[in-house]
Amino acid sequence: MLVIARGKNASDLFPAVVKNVACKNIEVKKLVYVYLVRYAEEQQDLALLSISTFQRGLKDPNQLIRASALRVLSSIRVPIIVPIMMLAIKEAASDMSPYVRKTAAHAIPKLYSLDSDQKDQLIEVIEKLLADKTTLVAGSVVMAFEEVCPELIDLIHKNYRKLCNLLIDVEEWGQVVIISMLTRYARTQFLSPTQNESLLEENAEKAFYGSEEDEAKGAGSEETAAASLPARKPYIMDPDHRLLLRNTKPLLQSRSAAMVMAVAQLYFHLAPKAEVGVIAKALVRLLSSHSEVQYVVLQNVATMSIKRRGMFEPYLKSFYIRSTDPTQIKILKLEVLTNLANETNIPTVLREFQTYIRSMDKDFVAATIQAIGRCATNIGRVRDTCLNGLVQLLSNRDELVVAESVVVIKKLLQIQPAQHGEIIKHLAKLTDNIQVPMARASILWLIGEYCEHVPRIAPDVLRKMAKSFTAEEDIVKLQVINLAAKLYLTNSKQTKLLTQTMIFADRARFTRQLIVPSEQGGALSRHAKKLFLAPKPAPVLESSFKDRDHFQLGSLSHLLNAKATGYQELPDWPEEAPDPSVRNVEVPEWTKCSNREKRKEKEKPFYSDSEGESGPTESADSEPESESESDSKSSSESGSGESSSESDNEDQDEDEEKGRGSESEQSEEDGKRKTKKKKVPEGKEASSSDEGSDSSSSTSESEMTSESGEEQLEPASWRRKTSPSSKRAPATKEISLLDLEDFTPPSVQPVSAPAIVSTSLAADLEGLTLTDSTLVPSLLSPVSGVGRQELLHRVAGEGLVVDYTFSRQPFSGNPHMVSVHIHFSNSSDTPIKGLHVGTPKLPAGIGIQEFPEIESLAPGESATAVMGINFCDSTQAANFQLCTQTRQFYVSIQPPVGELMAPVFMSENEFKKEQGKLMGMNEITEKLMLPDTCRSDHTVVQKVTATANLGRVPCGTSDEYGFAGRTLTSGSLVLLTLDARPAGAAQLTVNSEKMVIGTMLVKDVIQALTQ
């Protein structure tokens, strides 16, 4: 670590550092993990050596080690391990430790940025983690949701109330993320609380700013406006909307500035106008924090104060500027003070501005002068006072102050030009002293625009400017030409000759054609006065923050006033209220309890009668109908969940007795249903397998509601028929670490000792259902899975043709080697002598057992040799040389993953036992759609065994297939299970310690079955 901290390259120590991962000291492991993250992306080949170490770390009993292993594994940006990362995330999402589940949520955006094609699988993990009740996980999974699939707002419906209730206990970072997401969610699901207020404000503005004609209409317009208001339905706030506002309000007292800002933006965008004021005091409190925090807060306050000025007026003095404030903070406080200025407090604000003008910070002084101009524009009664104060600044020694004053005075004079002829004369005298181009241009524009008010001074100013015309800036030259054109039109006697001598540039020639009559341009010259002396509207001095509220407050886009990368637009309020029932979803149970009496006693004091079974995420304002529906759902789900966890008759009898002794009527009904389930014969389970999917994890909410609502009305025979479906449900679910303790494989009939059966007889029995017969393990795979493949073409081999096949027979020289048959053929006209294998240069671990030399191969003759290759349980190619007496040919053999193993024969019980040892990270599960041509037993077995050298394991059900094998080099078990359901998607599962082999095998088998 010291070498890395000094900036030196320590990648040469990679193999030595990796060995220390096995150290039991957690601190040492952390340092090793930091090292691996640093060099994994640069040393991708070496990083792959540490994958097996992380796999062991993911199974460590210490949650810190499991989380660290996952964190480092997700930080290694090597595309080849994406499947392993996906499996690790899925496994960690079901971990018993909330810290590990939190780390899994953090790993989701990392994997998504590495391979966006994994989005669909990541969404499934996000959906699972969103249902987590732990506060430690909530913020992290919402962040993953925002990064991967922010558009899938439907995932939030059933978790909305839970997130609102957990919000107070989530860490600060997670609270900010959740509040930002819930703000966008609320804008799409609730009606605007200010819709009626906006109508009132619009009518009030029309009455205030209306013209004399509107006032003459009098009461008629007011009656019309009043009559239009009741046309809109009265606003009633949704209970879930109120739940969000109520649960976020206490967070305004947080010590975190980010948290206060997040709640403030939520209230500004979502709360009624009467309730927004609560955020003002919290935001003002943040102004005593660091300058960086002040800058962000003031940016948002400046935007809020434009629309909601009243809530900050009581805190006006909190925005007074201190001498120690940075310039950026000073300018933002000026913006807020200007927004808050009204006829009541304007004397106080102007006195404060007079103090600021004497500051040594020139940028701040210029901003203060602009603020004075805005106050004069917005408040008419102080306009003359502000104008006189700005005129006094014209005698300031600082040229920048004078120039800024001129620009602001120009804008103010446009409002009442006739009353300020003396000021225009005073500005004309300043043309000799002011050198700032913008100020000079402003003075010239004022003189030209109102030249009739200064008929004597304007021609003199034009003569002075004509002398220095060539040395002026472009903006000043343009205004000189405009002044000359306007004086030519209004006072041609004094300025005609001077104007004609000045007009020589492009813009000047254009102006000359407009004002000087000629034979070609006479039509335009008649309209010259309308063009140059047209009345111009007075400028409107507006705040630069006026239009920033379309960005979500507190976001980077609002701070920059530009859309930043990754910014999510703030949705508009809907016109019609969406269906609120989508949030009335029962929270799933995370822990299964076999004793119903204990769970009832535990829940009874926790939930109130009004909430029923809806759980802590249900708001107190929910409707009674939704509560009753959730009660029925919870009762039906708990019944099916308990029946699925019963593994034998003793457990059923015990739960049945406890259910009868319960005081709840619902428990008695569940007990009766379990009694009927116990009496169902085993033969009916297979017939109801398609019905069992209704109680699986993929069951929709509507199906669960209809089943729970109609269950009591259906006859007992129907309940007997559907009861076994709940027992079969766990078999269709993906088994996770959370379920390992409760998982019990289905009971099978005892298997007698296997008899010795010939291969032909076993092939005849291949397609039969072996439910009641003796299970016979036998070799059911074909002799050769892959046909002949070309090793050397006759053109490249100069007449020598070489093919090879994988014989799937044990290699006599070494049982760890793959037996490869090499077929030679001489298509040339001359014999080929001395065929042998040259000295190979192979990667580490790969070995070759050469075939005996073929002394001679006559023209047209063929020969076959057997060689053994140890691929070291990998699909790396074995490169070697085929040599003759005269030539050397470089050839390569790359094995399919299915040829790296040998079949293993075991009973179903042994298969299930070994499969139970290879769960979690060692299990890969994928879903596939089997074509109609691949539904028969013979076709399925033939395609699987042709792809992989595995032996079939007979299973007790007709729609399930099992295959087993061991890798040749390491002897690791490879177990393959295919659940070919009659309807819907089939499920392929591979269990193996060799995760890379398992991943590749799943891909090859799916490709073979779906072709």
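In which strand is Ile869 found? Select residues 862-870: this is strand β7, and Ile869 lies in that strand. The model is predicted.

**Stop 1: Ile869**

Show the surroundings of Ile869. The residue is buried, with a relative accessible area of 0%. Leaving aside residues up to four places away in sequence, Ile869 touches Met817, Val818, Val820, Gly847, Ile848, Ala878 and Ile893. Ile869 and His816 are 53 residues apart in sequence, while their C-alpha atoms are 8.5 Å apart in space.

**Stop 2: helix α18**

Move to residues 257-270, which form helix α18. From first C-alpha to last, the 14 residues of α18 reach 20 Å, close to the 20 Å expected at 1.5 Å a residue. The helix is mostly covered, with 12 of its 14 residues buried. The buried residues run from Met259 through to Leu270, and include Gln265, Tyr267 and His269. To see what covers them, display α13 (172-189), α17 (239-248), α19 (278-285) and α20, which are among the covering elements.

**Stop 3: helices α20 and α21**

The crossing is left-handed. On the α20 side, select Ser291, Gln294, Tyr295, Leu298, Gln299, Val301, Ala302, Ser305 and Ile306; on the α21 side, Gln328, Ile329, Leu332, Lys333, Glu335, Val336, Asn339 and Leu340. Coloured by class, this contact has 9 nonpolar, 6 polar and 2 charged residues.

Methods: Residues are numbered from 1 along each chain as its sequence is written. This is a predicted model: local features need pLDDT of at least 70, side-chain atom pairs count only at pLDDT 80 or more; totals for chains, interfaces and linings use all residues. Side-chain values use heavy atoms; hydrogens and water are left out. A crossing is left-handed if the near helix is turned anticlockwise from the far one by less than a right angle, and right-handed if clockwise. Helices (H or I, at least four residues) and strands (E, at least two) are DSSP runs, numbered from the N terminus. Contact means heavy atoms within 4.5 Å. Ala, Val, Leu, Ile, Met, Phe, Trp, Tyr, Cys and Pro count as nonpolar, Asp, Glu, Lys and Arg as charged, and the others, Gly among them, as polar. The expected span of a helix is 1.5 Å times one less than its number of residues. Buried means under 20% relative accessible area, exposed over 50%, partly exposed in between (1.4 Å probe, protein chains only).
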